[in-house]
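Notebook open. I want to go through this model from confidence to fold to interface. Here is what I load.

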Protein chains: 2
Amino acid sequence: MKKIMLKSVFLFSASCALTAQAQQSGKNYVQYVNPLIGTEKMGHTYPGATVPFGAVQLSPDTDTLQYEVNGRYNKDMYKYCAGYQYTDKTIVGFSHTHFSGTGHSDLGDILVMPTVGSLQLNPGVAADPASGFRSAFSHSNEAAAPNYYRVKLDDHNINAEMTTTTRVGMHRYTFQQGGDGHIILDLVSGIYNHANKNVWTFVRVENDTLITGYRQTNGWAKTRTVYFAIAFSKPFKSFGYRDAGGNNIYRGFWGKFNIRNNFREMIDRQLRAHFDMDVKDGEQVMLKVALSPVSTAGALRNMNQEIPHWNFDKVKKQGQEQWNSMLGKVDIDPINETERVNFYTAMYHAFLSPTVYSDVDGQYRGLDQNIHTARGFTNYTTFSLWDTYRALHPLFTILNTQRNKDMVTSMLAHYQQSAHNMLPVWSHYANENWCMIGYHSVPVIADAVMKGSAGADANALLDACVTTARNKQYEGLEWYIKMGYVPEDKSGSSVSKTLEYAYDDWCIAQMAKKLNRKDIYDEFSKRAQNYKNVYDASTVFMRPRLADGSFKKEFDVLNTHQAGFIEGNSWNYSLYVPHNPEDMIRMMGGPDRFSVHLDSLFTMDLPDKYFAETEDVTRDGIIGNYVHGNEPSHHAAYLFNWTNTPWKTQEKIRMIIPKMYKPTTDGLGGNDDCGQMSAWYIFSALGFYPVAPASGAYAVGSPLVKSATIRLENGKTFSVEAKNQSDANVYVQQVTLNGVALQRPSLAHADLMKGGKLVFVMGPQPNKSLFK
Amino acid sequence: MKKIMLKSVFLFSASCALTAQAQQSGKNYVQYVNPLIGTEKMGHTYPGATVPFGAVQLSPDTDTLQYEVNGRYNKDMYKYCAGYQYTDKTIVGFSHTHFSGTGHSDLGDILVMPTVGSLQLNPGVAADPASGFRSAFSHSNEAAAPNYYRVKLDDHNINAEMTTTTRVGMHRYTFQQGGDGHIILDLVSGIYNHANKNVWTFVRVENDTLITGYRQTNGWAKTRTVYFAIAFSKPFKSFGYRDAGGNNIYRGFWGKFNIRNNFREMIDRQLRAHFDMDVKDGEQVMLKVALSPVSTAGALRNMNQEIPHWNFDKVKKQGQEQWNSMLGKVDIDPINETERVNFYTAMYHAFLSPTVYSDVDGQYRGLDQNIHTARGFTNYTTFSLWDTYRALHPLFTILNTQRNKDMVTSMLAHYQQSAHNMLPVWSHYANENWCMIGYHSVPVIADAVMKGSAGADANALLDACVTTARNKQYEGLEWYIKMGYVPEDKSGSSVSKTLEYAYDDWCIAQMAKKLNRKDIYDEFSKRAQNYKNVYDASTVFMRPRLADGSFKKEFDVLNTHQAGFIEGNSWNYSLYVPHNPEDMIRMMGGPDRFSVHLDSLFTMDLPDKYFAETEDVTRDGIIGNYVHGNEPSHHAAYLFNWTNTPWKTQEKIRMIIPKMYKPTTDGLGGNDDCGQMSAWYIFSALGFYPVAPASGAYAVGSPLVKSATIRLENGKTFSVEAKNQSDANVYVQQVTLNGVALQRPSLAHADLMKGGKLVFVMGPQPNKSLFK
């Protein structure tokens, strides 16, 4: 069942958000975004309020399952990566940090819930929300828009509204029926909570309208602390806490006091605090919740600078203006209104992360856990690089050039603070969580360096890449460097690692060439060939090898959980030589044979047993054996461009989009992965895609839009026009750049950034002579 | 059995330490200090290396008992407040933080132990040191001097030497026999450890000669973090760790790595790390261990600034020069060499704490857990104020005027950072531990203000005192303010609290008077009379009252654990009206009757059953029913000055000193209590004592020295001379100040600070007409 959102529901009051730019163009892009898309099943997006790349993601959590039950991983946890599942009937509270679209999780920090009536300090269970402070809610009383979320909490008869600035969340609670009001501050609740996740919790009551504190956790980030300051618009008359973990800390002489009631320091491992006030019918109580990676003093500075007032509507309007400005970077004429929603929601999801991770004064916590000051840049965190190096960061080089520079500088700072002398792999909140494989900071950096928009010193960046790529302690690199491949008996996921290392190494070589670092160019150009060492000509697939040089006997090209691979089976991963498709195609029998082979990817019948073994994607996220819901195949449909059948790329792109991107809560075919899935859509809808970031070129596909204007930060505009565009006319008949026909299905980044016009002529049948 | 230390043992190589001042005078005071005094039984001093008021106290720990066994308090722990007991036969390692003389404890952070042979990562047990990394040792191979400690570790055949600067400990290990050398870094070990004391531990290997990290604990200080940086003079070839608490933290994707071996980030709850190196016979390995309350970056800055070299002897010499300068502030001619050792060891113990708690750049962690910068002062911590307000801080107003200003300023900063708007009660390491009773920051501040040496703004200090004294949440103050006494049925230790509040309130009144704050003067002058409200004329003792106004029926004046009192029985506490002894004596029947009464304190026979209930003091620490080992009686012997028999004060002082202060390991009659016991000795040996700090006057007793020269920070000197001084001539025949006979047994602080000469003439019989 598809759930088409009615505009009237999700566009609630977004109409006032108009930027200067949008006002000039008369356009309100915010209205086209539906943050509820992807909140059901595997999208793992969140519906709450945030500004572009905001440090605060203020969003409802619909459940607080434990990461493990009876000591074993709780598989139901997986779908709560963003804290919210659309099919749930209750809300536990509103927490201030959420990943968008990840496939593993953490965060959900500083959960706040307003209640009325008898004090309840446990969340209760979904089946019986009255058993705790959680509340039933209905989607008919819910609205989500960029930087605004609203829901009625049925159990408490409270209308809860949320908006944010970069570092501060603002809550407006309307108690429709007065009584004993409580603001619950639950420092236990969190996403991917396990029994010992909380390391320490600390709350100070500064006065009767201000509290400060922190939550220190051991989760996906091994050691992470979120500091906060919370201002109340109405003084609380009393307060207190309970420790959810029992009396398991040493109290010493604090035992002399009644520390759980009205004692102005609350310190424990598992704090749940309450702040009580008498509320009248219809009374509004507002909160400002500021976060900081540095200290409670930092949080307070963030609050005072970003929201020095209590005007909720002003905060909402300012954030929506920011969004309108960001969304308006690409103005499209879509083929229909559904695609307009898809497009701007993809833009919205693409501009959520990486997130700001420095205070208003530039201070941030570094990977070494020391406090640093970001001088000349804004520090970012949440680098899901195995995903986002593919299309998201390349998209930023076009649409968010300056931010991408700061992200690259943040990655370099991470490297400089790393005990391992490594660039980020998967990094969040001053922690390296080591998720996934490869060293995909490298392509992000190389792409920026090659495009001349890296920000930091290019040689320093290259050195960081080289040092990272030479770390023999990291994931089979010792053998990869020695033997030219990762032996499966030495380090798992060996084929995936070998292929991705080879591409990353090619990126290093390109940078070295540009910077005249010949020895590095030679070393890494050689390493870039290592994809050949895992190719098994006898099966025409990439296959795990052992340290003795032999291929691993057990081998099933369709099994994602086959030894040698990760988040992709051999069939898909065998297509992964983005830096040299020509040679890959040659190895696999030449362009014509490869074209047929690649075609079969989309048409073959994947037996159910393999699907059962695939996570991260819905059944709908798979087309034949093409798994769009996981990233390793994201470039695959574009590979026809390197055969004699580039029209098949056009056909496949236009076939994939409607299957994988729908304007419904369950409309995303897999995890959005911090915007990578959305970035694929945006590029593809515009008619081109970065098959090999750092190459400086985009593969040309088939645009979905009728036309688009890209407003570049350098003041220029680049336009795309698709003449004769329609659902049926998916084939490119001809394509011109500034009036000159493209000879190859390739667009240079440099040409794009000069501004200009790319004009497609579309038709219902392939133009098989195009690009020949 | 008395253990007289031979100079040749404890004065090992202290002879080179001569300050410019001492060199001028040709004196080496360091040689007279024996840090081993008080390390046996109840003294709770530590023998290790430190500089005056140093942030690092680098000292051997002889046991690591758990605070509780099977969930119950382990009474054996009590004697390990300073980590070392002289009668122990083994050393677990050398840790970097120790209280001196406290009666409750914490610290023992960052324990280091050098070993050779097979790696052992558990401490083992005292009965079988070979069962772990601990080692047997012998006092014949041990030496302790100011800023120097040496011991041979028999199990490892390693000679270990320690010295320090303010914030850095330096270790020199001589491996007499080479082999597989290890430096053990035990972040589990600590003083007053309980099962969950460690909150978090973190180590980074920056390179093969430098590590950084921190230890976060929940102990007497509820939430405390000690950051460190450790430099090795020799590179380690390998390293690793084990978690003493088992695999109880979430490892996530770190599980991909062999994180326990050579992985450069070690993060766990209960880390014990090892650093391995091949050592040759006779090879020396040195460590520099810097601490910081702020960050590992702060620790590294402290190291680089304070010890930018590897010259152990230079560090030792510089620290001993500091000590010589401090000790030389009072140059004495003692009645014998034993008293010279007693005197300078008392000076040494008096100048150990409060300790510096800010980095070289002035940054420190405040009570609010935020990082502050001490501008214009050095921040101090470890305020054992219930003890030290009596004589230690008054001593500082004479000998360490500038430091005492900084201590007062540090206390004001604590107040400004306090969620409770309270001055420190018992504060250490950015924590209020709430130990003991009263608000005895007040007399310290008032004493400094009245003497014109407070440093901070006097009105701000007064406001802090007033706000503290009006906190109705604190320990019965609500009732005290309302009813004039603390009712025992509302708040325990009610008599002790009432009496001490009354004195503290008098201090506030004195400040208010000086600052022309009449309303405050009136309010607190009234409160200062509250001692009268717990006086029971029918028994002539202070007695607990209930909220209904009646005296509590059950009442035993000798029982320290009697409801109503703390660390003192009613007999002793009934003497506690330091601000108005005249009125107290009047209440208790007048001077003559009181003289007899007070005399009986020293001569009465305390039944053994009461002794069994007295902690903190040895049997020797009690004379009759006079308990010198606890503080409430410290002024008692001086109260004869307010009767017609001041000669009894002289007699008692000279009787108490040799019983309570002996130059032996078990020579202190009770906890030294951060120097309070030592300060009592120093004052009394010089012939006067501050019965009522903030009064501006000292009660004159009977000097122990033959003569003394006090070198004041204002450049002046104040001399004491005792003519005809001898063990037998304890009675003062006459006393003159600058040639003028004293009319009363009282010395004004103002006169002392002007410089001058106090001359006593001593004799074997009382001069009963003196002061009449």
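What is the mean pLDDT of chain A, and what share of its residues reach 70 or more? I looked it up: the mean pLDDT is 94, and 95% of the residues reach 70 or more. pLDDT is the predictor's confidence in each residue, from 0 to 100.

**Ground rules.** This is a predicted model, so I note that local features need pLDDT of at least 70, that side-chain atom pairs count only at pLDDT 80 or more, and that totals for chains, interfaces and linings use all residues. Residues are numbered from 1 along each chain as its sequence is written, while chains are lettered from A and ligands numbered from 1 in the order in which they are written.

**Confidence.** The model scores ipTM 0.95 and pTM 0.96. I flagged residues 1-24 of chain A, where pLDDT stays under 50. The model has 52 contacts beyond four places in sequence for that stretch. A contact here means two residues whose C-beta atoms, placed from the backbone, lie within 7 Å. Where pLDDT is low, the predicted coordinates should not be read in detail.

**Chain A overall.** I find 20 helices and 38 strands in chain A. These are DSSP runs numbered from the N terminus: helices are H or I with at least four residues, strands are E with at least two. The radius of gyration of chain A is 26 Å, close to the 28 Å from the globule rule for 772 residues, so chain A is as compact as a globular protein of that length. The radius is taken over C-alpha atoms, and the rule is 2.2 Å times the number of residues to the power 0.38. Along its principal axes the C-alpha trace of chain A spans about 80 × 60 × 50 Å. Buried residues make up 63% of the 772. Buried means that 20 or more other C-beta atoms, placed from the backbone, lie within 10 Å of the residue's own. Of the contacts in chain A between residues at least 6 apart in sequence, 71% join residues at least 24 apart.

**How the copies relate.** I superposed chain B on chain A with a rotation of 180° and 0.0 Å of shift along the axis, RMSD 0.0 Å. That is the relation of a two-fold axis. B:V199 has the C-alpha nearest the axis in chain B, 3.3 Å from it.

**Interface.** I see 37 residues of chain B in contact with 37 residues of chain A. Strand 13 of chain B gives the most to the chain B side, with six residues. That side divides into 15 nonpolar, 13 polar and nine charged residues. 100% of the interface residues of chain B are also interface residues in chain A, so the copies meet through the same surface.

**Strand 15 of chain B.** Strand 14 (210-217) of chain B pairs with strand 15 of chain B in the antiparallel sense over eight bridges. For pairing, DSSP must find at least two bridges between two strands. These two strands form a hairpin with six residues between them. B:Q216 has B:T225 as its bridge partner. Strand 19 (283-292) of chain B also pairs with strand 15 of chain B, antiparallel, over six bridges. There B:A231 stands opposite B:K288.

Definitions and conventions
Nonpolar A, V, L, I, M, F, W, Y, C, P; charged D, E, K, R; others polar. Buried ≥ 20, exposed ≤ 12 C-beta atoms within 10 Å, placed from the backbone. Least-squares fit on C-alpha atoms with pLDDT ≥ 70 in both.
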